[in-house]
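Biologist: I have the model open and want to go through it with you. Can we start with the strands and then move on to the core?

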Amino acid sequence: MLQFTDHPMVDVGVAVILDHFETEHPAVLTDSQLKAFAEYLERAYQTPYFASYLSVLFTQNSAYINPTMKEENRRQELDKVLYGYLDKQAENPYSCVFCGKPARFRAFRQHIPLITGVGIINFFPSRRVGVEICPYCLLAIQAFPLGSLKVAGRTFFVHADDVELIRKFARKFKQRNEQNLLLQDVKGGIDGKYAKTLFLDQLLEVQKDRRRPASHLAGSITVYHLTNYGTNADIEMYHLPSQVVTLIEELQTASYLPTWNQMVRDGWRVIPSGKKKQMDEEEPNAFFHKNELYEDLFGLPENFRDFIRKHILVGMEKRVNQSRKGEPITDELRYWEVTERIVGGVAQVNLDRVEQTRKLADKIVDYLKASNDHRFYRQFFNGSDRNSHRSEYEQFRNLIIKTNDKVIREAKKSGKAPELPFTFDDFIQVFEQWDETGSDWRLGRDLVLLRVMERLYKENWFYQNPEAIHNVDSEQREELV
Ligand SMILES: [Zn+2]
């Protein structure tokens with residue numbers, strides 16, 4: 001009986017077969033239905049597109065493509081690989097390594113990608129070469145290429161804790177392959193280039209179809225990208241942990257969506273092709289172009305500080321520069337709230353510390369609005385003066401001490417009690433205690449800066465105070481990220 005096994009290739013294959021019969025339950029499929037499916041598979045795999053694709057996936061020795069195999073042998077092999085469940089007489093003492101049911105076949109790398117070839121005894125007990133497999137799992141593995149895509153010359157497919165998600169991806173890729181089947185020329189096939197970008201793009205599309213309340217994403221997702229080609233057989237796995245999956249889902253909700261959309265737009269790397277150089281920028285397409293935001297989501301939570309700098313701080317800076325030139329303010333951008341979600345929810349930083357950071361930033365905003373101290377803003381933003389002999393940290397600490405000092409002196413002159421922008425507790429909690437996250441005071445600085453920029457941006461402070469960012473070379477900053 002066909003069943004999900006938690007093995008990615010088997011599960012994607014089962015999903016393809018379920019989609020073919022538009023049913024949700026593998027147990028209801030009869031052997032004669034599976035036979036009809038196998039016949040469909042044979043036809044599909046003889047098309048030019050798949051003949052080329054399968055040579056990478058199942059090697060040239062596969063019965064689907066081996067040009068030197070005699071017709072009679074080819075038929076015998078396909079009968080075993082695709083129709084084994086029809087032979088009720090076959091006996092075998094071994095169990096299927098995927099589902100545990102009686103095995104009927106020993107598979108090699110022309111049947112299952114990434115295992116060893118015929119006659120290779122490494123990794124098998126008692127010189128019993130090959131992988132024991134039942135006819136149902138074997139059929140599912142033969143079906144899985146239909147539920148995958150060719151990306152950068154390799155096979156790309158998606159496995160998840162959530163079976164519905166596996167089925168949605170398999171269906172989407174199968175629909176595209178059904179178009180590829182019609183091609184006479186292999187080169188006309190639409191193949192992807194960047195696995196991680198393409199995955200995120202397709203995930204968001206899949207999620208749009210799942211609008212019912214019970215269809216929240218749950219659990220983790222793994223993207224597989226493999227080749228079984230010649231001596232270069234190889235696999236890459238990209239894992240999205242559940243807290244990142246949850247983040248992506250949350251960022252699609254109404255309050256975060258404008259910010260997310262802006263981050264996605266900023267993330268595209270569209271290099272205009274020769275002739276189009278003079279024309280407007282090409283429309284980004286996940287099959288051809290890379291999106292740095294999509295790619296970098298796979299680095300979370302470990303790289304959360306770089307992520308925030310590259311995708312949030314630099315984005316905020318672009319908006320600030322636009323507002324300085326008089327472009328309208330986009331009120332619905334919520335970079336700070338997105339950052340809070342990443343720092344608190346994904347990187348699991350104590351929320352009290354995030355709140356303390358926000359409060360400090362708000363005090364700095366009040367200070368800047370009251371004083372218009374552009375020099376302070378520039379120095380806080382730029383971090384360090386490369387010509388100084390002091391370390392970046394020393395310069396930063398001095399800036400804070402000097403600013404407090406300045407406030408005290410001015411308060412004295414006017415006879416009022418000073419309102420210090422920075423207290424001792426602020427300094428310790430916001431700039432000194434990030435060690436457990438693998439970061440240092442710069443993370444605190446980035447977060448404060450982000451919040452300060454966002455608040456001042458929304459009040460159009462930079463348009464009224466253009467000299468505050470007069471000396472800032474944003475292009476240079478972007479390179480540093
Ligand atoms: Zn099995």
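Biologist: Is β4 buried or exposed overall?

Modeller: Seven of the seven residues of β4 are buried, so β4 is largely enclosed by the rest of the structure. A residue is buried if 20 or more other C-beta atoms lie within 10 Å of its own, exposed if 12 or fewer, and partly exposed in between, with C-beta atoms placed from the backbone. Strands (E, at least two residues) and helices (H or I, at least four) are DSSP runs, numbered from the N terminus.

Biologist: Before going on, what kind of model is this, and which cut-offs apply?

Modeller: This is a predicted model: local features need pLDDT of at least 70, side-chain atom pairs count only at pLDDT 80 or more, and totals for chains, interfaces and linings use all residues. Residues are numbered from 1 along each chain as its sequence is written.

Biologist: Fine. Which β4 residues sit on which side?

Modeller: R154, F156, V158 and A160 are on one side, and T155, F157 and H159 are on the other; all are buried, and both faces of β4 are covered. In a regular strand the side chains alternate between the two faces of the sheet.

Biologist: What covers β4, on the helix side?

Modeller: Helix α1 (residues 8–20) lies across β4 and β5 (221–227), at about 85 degrees to β4. Axes are lines fitted to C-alpha atoms, for helices over the stretch in contact, and angles run from 0 to 180 degrees between N-to-C directions.

Biologist: What is the strand order in the sheet?

Modeller: The order is β3-β4-β5-β6, an open sheet of four strands with antiparallel pairing. Two strands pair if DSSP finds at least two bridges between them. β3 (149–151) and β6 (234–240) are at the edges with a single partner strand each, so one side of each has no neighbour in the sheet. On average, neighbouring strands are turned by 30 degrees against each other, direction ignored.

Biologist: How many bridges per pair, and who faces whom?

Modeller: β3 and β4 (residues 154–160) have three bridges, and L149 stands opposite F156. Six bridges join β4 to β5, where F157 is opposite Y224. β5 and β6 have seven, and L226 has I235 as its bridge partner.

Biologist: Where are the positive phi values in the hairpin turns?

Modeller: A152, in the turn of the β3–β4 hairpin, has a positive phi of about 50 degrees, and two residues separate those strands. In the β5–β6 hairpin, with six residues between the strands, G230 in the turn has a positive phi of about 45 degrees.

Biologist: New topic. Which residues have the most contacts inside the largest nonpolar core?

Modeller: I133, C137, A140 and L450, in a core of 112 residues. A nonpolar core is a set of buried Ala, Val, Leu, Ile, Met, Phe, Trp, Tyr and Cys residues joined through C-beta atoms within 7 Å. Helix α17 (residues 441–458) gives the most to this core, nine residues. Domain 1 (8–240) and domain 2 (349–480), with bounds from an automatic or database domain assignment, both contribute, so the core lies between them.

Biologist: How far apart are the domain centres?

Modeller: The C-alpha centres of domain 1 and domain 2 are 55 Å apart.

Biologist: And T357, is that buried or exposed?

Modeller: T357 counts as buried because it has 27 C-beta neighbours inside 10 Å. T357 is in helix α13 (residues 351–371), and its C-alpha atom is separated by 5.6 Å from that of V430, 73 residues apart along the chain.

How values were computed:
Two residues are in contact if their C-beta atoms, placed from the backbone, lie within 7 Å.
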